[in-house]
Amino acid sequence: MEDVKISYTESLISWKRPDLRVGVPVTVKYPLVPTEKPPEYRGKPHIDPNVCIGCGACVRACPADALTAEWDLENGLKSIVSNPARCIRCGRCEEACPTGAMKLTLEFELATPNKEDLVEVVEHHLTKCKKCGDYTEFTERQVEKAFQILPKEIVDANALGEKMQLCRECRMEESVKILAAQGRIIGDPLLLPPQHAKGGEK
Amino acid sequence: MMKTMSISVLGIIVGVVLVAILPPFLDGIARKVKARIQYRVGPPILQTYYDLQKLFGLPSLRPTENKWFRVAPYLALASAFSAAFLLPYGKWVPVKFSGDIVVFFYVLAMVSVAIIIGAFSTQNAHSNIGGHREMMMVLSVEPILGVALGIFAFKAGTLSLSAIPLKVPASFSTVLAYLLLIYAAYAESGFVPFDIAEAETEIAGGVLVEYSGRLLGVLEYAILAKRLVLLWLLSTFLTIPILRGIALTGVVGGIVVLAVQLILVLVAYPLIAALEATNARYRIDQAVALNTRIFLLSLVVLAVAAVGW
Amino acid sequence: MVTKECLAEFEDKFKGEIREKKFLTPTQILYLVDKKDLPDMAYYLQYHPEFDESYYVMGIGSDERQLAGKFAYAPVINMLDGSGKRENFYVILKARLDKDNPEFPSVAQKLPAALWAEREVRDLLGFKPLDHPDLRRLITPEDWPEGVYPLRKDHAYNASPAGELQDGYKKAPEDTSTVPIGPYHMALDEPAHFRLFVKGEEIVDVDYRGFYSHRGIEKIGEGRLTYNQIFYIAERICGICGFQHSSAYAMAVENIAGVEIPARAQYIRTILLEIERIHSHLLWAGVACHLVGFDTGFMYAWRIREEPVMWLAERLTGNRKTYGMNIVGGVRRDFLDYRKTEILDKMKQLKKDVEKLYNIAVSSDILIKRAKDVGVLPYKVAKDYGVVGPTARASGRNIDVRRDHKVFAYKDVDFDVPVYKDGDVLARLLVRLDEVLQSISIIEQAVDQMPEGDIFTPIGKLPPYQEALGYTEAHRGEVIHYVLTGTNNKVYRWKVRAPTYNNLAAVPEMLKGYRVADAPLIIASIDPCYACTERVQIVDVKTGKVKALNEAEFNDLSIKASEEL
């Protein structure tokens with residue numbers, strides 16, 4: 001065989017030949033043996049339905065639209081839908097979640113004949129408006145949580161205890177009435193609030 | 001030339017059984033050895049049987065109407081078997097006649113020729129490039145094999161392949177001829193670094209690229225069989241001259257020789273696998289240049305033999 | 001600053017054309033210039049006698065009609081002083097183009113490095129580079145309709161109109177036959193189509209068509225994501241250098257916001273960038289071995305890439321790839337304490353393994369025979385084309401963003417930048433293997449010196465309509481991101497230039513004069529993004545007939561054949 005002389009590799013070539021010792025195999029029969037999952041691993045996200053308040057912070061944070069909120073204003077339901085088939089495992093939802101309901105699990109073996117099998121849905125009941133009886137855009141747990149975390153002074157000062165029981169329309173009407181009473185809005189207060197579209201909001 | 005043609009039924013049976021069963025097994029060993037060198041577990045030893053079984057069970061897609069495309073794999077396999085029938089198995093030689101060394105040489109080349117025909121019967125450029133490369137390899141390696149066999153025939157004074165190892169004398173030129181034979185058999189078999197015609201990563205399997213299913217199975221089988229034939233030739237030429245005393249002394253002697261031949265093949269194959277695993281592929285021009293140099297060397301050896309050393 | 005003198009000279013020379021000068025950051029200078037002398041300015045800066053390693057980085061085209069009522073075209077020059085005496089900086093030459101007739105004198109007529117950038121702005125924004133030597137389509141597919149420009153703001157991000165099929169190939173030179181490699185080929189990481197015009201075995205000329213997997217990521221980033229969501233798509237621009245892209249993007253946005261990220265975050269980014277580099281180089285070394293049929297080297301490289309490197313990445317970030325660690329202002333997760341010793345242990349193990357790989361790879365005579373003196377890219381051509389990364393360093397270019405621009409924690413660690421003069425495939429292999437050892441040393445130093453403290457500086461709203469560059473030295477070369485912010489925390493223009501963009505344009509130069517059998521290795525040697533099966537067709541020059549079967553014919557035949565059987 002021809003001797004190859006290469007200036008900058010001469011020193012390297014003079015190194016010893018690779019040893020041909022039969023090595024210990026590193027391949028494993030993967031699905032048959034369990035793999036190690038480090039605690040940092042980011043797997044399929046899971047929503048704890050007992051802790052979720054349905055605020056939708058995760059939905060806003062999700063860059064891949066794997067999390068969506070579905071509204072059913074007729075029946076007073078708001079669902080947080082998690083679709084791991086779209087998920088990119090970035091973990092933004094986990095960071096955004098105010099209650100720690102959203103967690104990335106260590107699970108990653110998600111092969112399934114039907115992607116729908118992976119979908120998780122957490123349904124929440126919406127509160128009813130005290131005034132008109134329509135459903136508001138807040139879930140019951142959201143309101144509960146809000147009262148839990150807000151200091152009492154703030155709740156009292158803004159009359160939130162009253163306002164949070166109302167739907168957006170009625171709330172606006174109330175505000176307009178108050179403002180009109182204070183003389184800050186001129187004109188017929190009942191004409192002012194825009195009609196908000198019901199249902200189908202997504 | 002075919003004045004004294006002899007046929008041994010037992011030899012045919014042994015030959016068929018060995019050539020039919022052994023090649024995939026040897027390939028299985030090679031794959032396992034390579035895997036272990038590469039720190040892998042590797043497939044089961046019988047994997048190549050499973051592969052072939054699967055291929056034989058699948059229909060072949062035909063990319064061309066050219067009938068040579070279909071004929072070529074069978075032609076290659078038939079050629080490999082024909083070559084196998086001219087080799088001695090222990091004391092038994094399936095087919096033997098004066099001048100069969102020439103037939104052996106041609107039949108062996110026919111395996112490659114059939115592959116080349118198959119490769120050129122399609123319009124796939126990969127296949128054509130593979131065919132070109134195979135042709136270059138055949139044209140540059142076969143002369144070396146020819147000269148090596150020629151030296152043996154000349155020294156042994158016979159043109160019968162199976163008789164050569166019984167008669168070949170130990171001399172300087174035969175030792176060199178052995179080296180030439182080893183090189184030629186290795187290169188002709190298409191082991192790395194000479195797997196240029198198939199070059200998976202360059203031309204996607206080259207000569208094999210258009211084949212699928214049963215035809216691919218037959219073709220791969222033919223290639224494996226050809227490797228066994230070349231290795232068996234080598235093992236015969238190494239074994240019988242040493243065991244010349246007992247080779248023809250009856251059934252027991254014959255079986256002993258056969259066993260030694262077999263063991264030699266089984267030992268050589270893992271060594272080849274190790275060599276394959278630690279080498280990169282040549283570019284065709286580099287391989288041809290190397291072959292040409294070796295061929296010129298072989299002519300020198302031939303001259304040495306002619307002088308009488 | 002020493003650079004001031006050089007700039008004064010430049011400003012003096014083109015006094016009449018410079019309208020405005022703005023420091024985006026202390027080392028990023030934006031000149032608002034007249035388009036008339038753009039080629040001269042770019043040429044002057046690239047071949048600046050004192051900043052001898054300068055090169056044309058990219059050309060940013062943007063639709064600023066909503067902002068300024070005009071289009072904008074902005075070549076970016078990386079001003080590098082090879083001797084290391086002066087501070088290096090980026091110059092952006094922004095020229096406003098007419099809204100109805102966006103013409104400009106082509107920079108590419110003087111600088112081959114701008115060839116692609118100007119074809120790109122023509123395709124995506126409808127600019128008209130005057131006197132451009134080769135104005136065929138680059139990015140838009142052959143059946144994209146004329147007069148539809150996807151990056152203009154009036155084009156919806158999900159609109160994909162159909163048009164007539166055109167022929168976008170270069171004419172073959174006289175007396176040559178054509179051997180195309182691709183669109184799918186084992187040596188290509190992504191679908192790409194090289195058409196080699198050959199005389200016998202020798203390659204005379206090369207045509208490239210690519211961008212088959214153009215995903216319109218910039219448009220998505222501009223259309224519907226907020227600045228914090230872009231990270232995740234930036235990370236997915238490339239499966240190999242994801243963290244490089246996300247870090248470069250983060251740097252651009254942080255430059256706009258004007259924040260310095262905490263030191264600990266800088267160190268974490270540095271360590272991860274280096275881990276990514278090691279994995280990429282090992283992957284490449286393995287593929288190079290595989291391409292020449294040396295499978296033991298391939299298995300070895302990939303094994304050590306898996307066990308210490310990817311193993312470590314998974315434990316530090318939560319995933320083997322797509323680390324998801326970056327956020328504007330720092331990183332999202334800290335390293336767990338007990339991982340620190342683990343990193344050091346693994347690096348020690350890796351060093352031993354890499355040295356062994358070095359032995360295996362370099363002691364394979366045939367591998368060296370295949371790589372030596374093949375695909376030589378001379379220094380001058382490398383500079384003309386603005387080639388970056390290991391490909392450039394193998395051709396004697398002494399450039400490395402990590403060292404030259406002192407990004408992240410690289411300013412605090414010691415490392416060498418390996419440079420080889422030979423410019424062949426072997427040099428590119430050796431540069432990469434040397435860099436792996438350097439990266440191991442960088443990681444060890446960074447882990448030792450890593451300060452305690454915060455990993456994140458909160459950033460509120462971004463100022464609207466501000467621009468800046470972010471850059472890192474990826475495994476294949478300089479990754480550079482340009483961000484122009486919009487309102488509501490969205491991004492108005494996000495321009496990404498991956499290193500392969502510059503390197504690939506120079507591949508035809510590397511291929512010329514070599515053999516067809518070397519082509520896969522040469523193409524692979526710049527480490528482009530790879531994939532797939534090969535489809536070579538041979539064009540008979542005399543009859544112009546293509547010998548390879550087209551897909552429909554092939555299917556027909558196959559179906560017929562299967563029916564028969």
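**Figure 1. Charges in chain C of the predicted model.** In chain C, the mean position of the 76 positive charges and that of the 84 negative charges are 2 Å apart. The structure shown is a predicted model.

**Figure 2. Overall form of chain C.** Chain C contains 18 helices and 17 strands. Its radius of gyration is 24 Å, close to the 24 Å that the globule rule gives for 565 residues, so chain C is as compact as a globular protein of that length. The C-alpha trace spans about 70 × 60 × 50 Å along the principal axes of the chain.

**Figure 3. Interior, contacts and surface of chain C.** Among the 565 residues of chain C, 65% count as buried. Contacts may also be sorted by the separation of the two residues in sequence. Of the contacts in chain C with a separation of 6 or more, 68% are made by residues 24 or more positions apart. The accessible surface of the chain comes to about 19,800 Å², and carbon and sulfur atoms account for 50% of this area.

**Figure 4. Strand β5 of chain C and its surroundings.** A residue is called buried when its relative accessible area is under 20%.

**Figure 5. The parallel partner of strand β5.** Strand β2 of chain C, formed by residues 28–33, pairs with β5(C) in the parallel sense over 6 bridges. Within this view, Y31(C) stands opposite L93(C), a residue of β5(C).

**Figure 6. The antiparallel partner of strand β5.** Strand β4 of chain C, formed by residues 70–79, is joined to β5(C) by 7 bridges, and these two strands run antiparallel. I77(C) has V91(C) of β5(C) as its bridge partner.

**Figure 7. A301(C) and its contacts.** A301(C) lies in helix α9 of chain C, which covers residues 295–317. The relative accessibility of A301(C) is 0%, and A301(C) therefore counts as buried. When residues up to four places away in sequence are left aside, A301(C) touches L282(C), A285(C), G286(C) and L357(C).

**Figure 8. A301(C) and E174(C) in sequence and in space.** A total of 127 residues separates A301(C) from E174(C) in sequence. From C-alpha to C-alpha, A301(C) and E174(C) are 43 Å apart in space.

Note on methods. Residues are numbered from 1 along each chain as its sequence is written. Chains are lettered from A and ligands numbered from 1 in the order in which they are written. This is a predicted model: local features need pLDDT of at least 70, side-chain atom pairs count only at pLDDT 80 or more; totals for chains, interfaces and linings use all residues. Side-chain values use heavy atoms; hydrogens and water are left out. Two strands pair if DSSP finds at least two bridges between them. Helices (H or I, at least four residues) and strands (E, at least two) are DSSP runs, numbered from the N terminus. The radius of gyration is taken over C-alpha atoms; the globule rule is 2.2 Å times the number of residues to the power 0.38. Buried means under 20% relative accessible area, exposed over 50%, partly exposed in between (1.4 Å probe, protein chains only). Contact means heavy atoms within 4.5 Å. Accessible areas come from the Shrake-Rupley method with a 1.4 Å probe; for residues, only the protein chains shown count as cover. Lys and Arg count as positive and Asp and Glu as negative; His and the chain ends are not counted. The place of a charge is taken as NZ of Lys, CZ of Arg, CG of Asp or CD of Glu.
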